[in-house]
Every structure is written in structure tokens, then in C-alpha cells.
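Here is a colleague's note to read beside the model. Keep the structure open and follow the points in order.

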Amino acid sequence: MEIGIVGLPQSGKSTLFEIMTGVRGRDAHGEACVRGQASVPDERFDRLVEIFRPVKVTPASVPFVDINAAGEKAWNTIRQNLSGADGLVHVVDGFSATASGEIAGRYRKLADELILADLLIVENRLERLDRTPAKALRPREALQRDLLPGLKAHLEAGRPLREMNLADEQVLALRSFSFWTIKPELVVINTGEDVAAVEPAALALPAGQPRIRICARLEAEIAALPADERQDYLAAMGITAPAFTQVIRTAFAMLARQVYFTVGEDEVRAWVIPVGAKAPQAAAAIHQDFERGFIKAEVVGYDEFLAHGGTLAGAKAAGRLRLEGKDYVVRDGDIISFRFNV
Ligand SMILES: Nc1nc2c(ncn2[C@@H]2O[C@H](COP(=O)(O)OP(=O)(O)O)[C@@H](O)[C@H]2O)c(=O)[nH]1
Ligand SMILES: [Mg+2]
């Protein structure tokens, strides 16, 4: 699981990456590609830490990748390092000029390049499939042969593939192509200090596409302050949470992942699992052996846990500590303790 940061040069990608991950790309001595983990903000997790006061605290995290390459080789570096990414954060310069047409044009410039890159992949593949006799096509190739013309028309109309609402098995059949525009994308408009001066509607993004405005430079300055001053500064500006936390949250949600918690005095930890994962698969996040040796999961929903005094004993006394088997589909925020046999 990984999220690639893309955007035109000087749009503020590295500034944003640094605030989110705390990793300074500038210190990477000319590395073309920098990776870092961002903690996913979660009030439920913070509350559990308050309740258990554990020795160790491990929030959910999501890996981001920042590319530093410029010039002719940049495209290669981007392809090499980001083709496996599960999602994209597309940073748009909204600070050096505030005319909405100009900002929209900057967004489209890269958006169109990504569409074109996908179109080239489709055309190359179709050409080869067309030269293969129909009978010689393997099932996956036949499926591709059926799908690709539709993709081609869509891309030629200047639309990203994520708008096609492809079925899961179609996405799977197309996986090996690592299309850019099939990946979910969060648009981050990097504004000047007057964040509200930029109207996201100008970008004409489709309804379902997430977008966030942020002044990355200002937030970098705030992040550099000592913790106590930071809070005062935010309070003085009437901000409850910096916008970069919303970028992390939204990017994480975009990946169809969710969390469950393990709690105790030793450690409170959030584990990242796919939405729809069953109990044994969730256990595998902790250790592969837990999946094989899975017996039962002791589960209480976060809200129920709080509603019964914020203790496992309270939840148990109220009969809310459920014993679930291998077919249990884990819900976001479940507090779980696994029973296993290895
Ligand atoms: N005025 C202004 N400058 C910014 C902002 N964000 C980034 N910059 C500047 O733009 C330049 C490029 O930023 P950087 O994060 O390195 O962009 P990248 O090339 O996309 O990684 C740097 O000089 C930043 O200080 C912003 O919100 N406002
Ligand atoms: Mg950079």
C-alpha cells in the first residue's frame, strides 16, 4: 500500500510530503525518490490511548512517495517509482497565480499527460492483441481484447479511467497495465495564505473526486513550531486541525482500507486492513501465523466500548464482547483480541 505524490514542478509536492511524514527530502542527497510514513489522525485512537495509557502507541500509518526528479529523465523515474502506487495525491500550484482559469489549466496539464500515457499503453496492447489469432488468446487476453476498445474511446475523450466505474474483475484483468488514471486521485490545491481565495469548482472535477485546499508553506511553518506554540497559533487563527491531517485522512480513505484496534496497557495499536476483510485476514495484519491458527476473535465495536464505560470488563458485563468466527467481516473501529493456535 502506497500513495504517490504527483504534480508539476514547484507545485509544493515536497513541502506537503515533508509536513505529512516528517521526512526531509532535502536531506536525501539527491535521491530521486523519497518514501515516508504519515500517521493517520483518528480521534477514536487518541481516546483509546487516553483510556489505556499504554507504554507503546502505534497509530495507523500510510506510506507516501515523493519524486524529486526533473528534466528529461523525470518521467522514467516517476513511472519506475509510482506505477505500483495504490493512489495518487495530485498537487496543484494555486499560490503563484490565483486566476481560476490558470489554476485549472495547471491541473489539466498533468491530468492530460497521465491520460495520454494510459492511451499509449492501450494502443500498444491493442495492436499486439489484434495481431494474435482469436483462438490463440488466453482467457485474460480475450477479456482485455473486449475491454480495451472501450478504454481507448474513453481516454480519447480526455477522461480518466477511474470515471468508468469498472467492475472489480475488470480492474483485476487490467491490473498488469498499471494505468495512471485508474488509480484513485485526491486533488490538493496548494493555495496562498488566503486559502478561501481559490475556488475548487474552477477545476471542474467530477462529483465523486476528493479535493482539499491547503497552504502548504504556512502549514510547514506551523509544523516547525514547538508543540505548545503550535496549538496557540492554530487557536489564534481559529483552526482546529491543520489541513494536512485532512489530506492524510482522505488519501487513506481513498484506498478502501479501514482500521481495527488492539488495546491494552502494553500497547494501543491501529491495524490497517482492506474494507471487507474477514477476521482471519485481519489477524494476518498482526502475524501470518495468526491467520492459519485463527480460532476466534473477541470483538467489541468502538462506540459500544465507550457506551459501556470504556472498559473491556464493562462491555463484557453488558454482553457486548462478541465471540466471532472466521466468517466475521471486521468493521471499521472494532476493538479485537484474537484467539489463535500456532
Ligand atoms: N508562496 C508559496 N510558495 C510555496 C507554497 N508551497 C510551496 N511553495 C514554494 O514553492 C517552491 C517549490 O516547493 P516544493 O515543495 O519543493 O515543490 P515541488 O517541486 O512540487 O516538490 C518552494 O520554494 C516552496 O517554498 C505556498 O503555499 N505558497
Ligand atoms: Mg519536490
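1. Start with a term. Two strands pair if DSSP finds at least two bridges between them. Helices (H or I, at least four residues) and strands (E, at least two) are DSSP runs, numbered from the N terminus. Now look at strand S5 (residues 87–94) and strand S6 (residues 185–191): they pair in the parallel sense over 7 bridges. Within this pair, Val92 stands opposite Ile189 in S6.

2. A word on the source. This is a predicted model, where local features need pLDDT of at least 70, side-chain atom pairs count only at pLDDT 80 or more, and totals for chains, interfaces and linings use all residues. Residues are numbered from 1 along each chain as its sequence is written, while chains are lettered from A and ligands numbered from 1 in the order in which they are written.

3. The overall picture comes next. The protein chain holds 13 helices and 12 strands. Its C-alpha trace spans about 65 × 60 × 40 Å along the principal axes. Of the 342 residues, 31% are buried. Here, buried means that 20 or more other C-beta atoms lie within 10 Å of the residue's own; exposed means 12 or fewer, and partly exposed is in between, with C-beta atoms placed from the backbone. Take contacts with a separation of 6 or more: residues 24 or more positions apart account for 68% of them. A contact needs C-beta atoms, placed from the backbone, within 7 Å.

4. Back to the sheet. S5 and S6 belong to an open sheet of 6 strands, in the order S2-S4-S1-S5-S6-S7, with mixed pairing. Strand S2 (33–39) and strand S7 (211–214) stand at the edges with a single partner strand each, so one side of each has no neighbour in the sheet. On average, neighbouring strands are turned by 25 degrees against each other, direction ignored.

5. Which strands does H9 touch as it packs on the sheet? They are strand S1 (3–7), S2, strand S4 (61–67), S5, S6 and S7. The direction of H9 makes about 160 degrees with that of S7. Axes are lines fitted to C-alpha atoms, for helices over the stretch in contact, and angles run from 0 to 180 degrees between N-to-C directions.

6. Now two helices. The axes of H1 and H9 come within 10 Å and cross at roughly 85 degrees. That makes H1 roughly perpendicular to H9 (65 to 115 degrees). Leu16, Ile19 and Met20 of H1 meet Phe244, Val247 and Ile248 of H9. These residues divide into 6 nonpolar, no polar and no charged. Ala, Val, Leu, Ile, Met, Phe, Trp, Tyr, Cys and Pro count as nonpolar, Asp, Glu, Lys and Arg as charged, and the others, Gly among them, as polar.

7. Is H1 enclosed or open? In H1, 9 of the 9 residues are buried, so the helix is largely enclosed by the rest of the structure. Just after H1, Gly22 takes a positive phi of about 75 degrees.

8. Ligand 1 has 14 residues around it, each with its C-beta atom, placed from the backbone, within 6 Å. The closest are Gly12, Lys13, Ser14, Thr15 and Arg217. Helix H1 (13–21) and helix H7 (216–223) give two or more residues to this shell. H1 gives the most, with 3 residues.

9. Finally, a loop. Ala256 lies between helix H9 (243–254) and strand S8 (257–262). Ala256 is exposed, with 12 other C-beta atoms within 10 Å.

Definitions and conventions:
Contact = placed C-beta atoms within 7 Å. Parallel < 35°, antiparallel > 145°, perpendicular 65-115°, else oblique.
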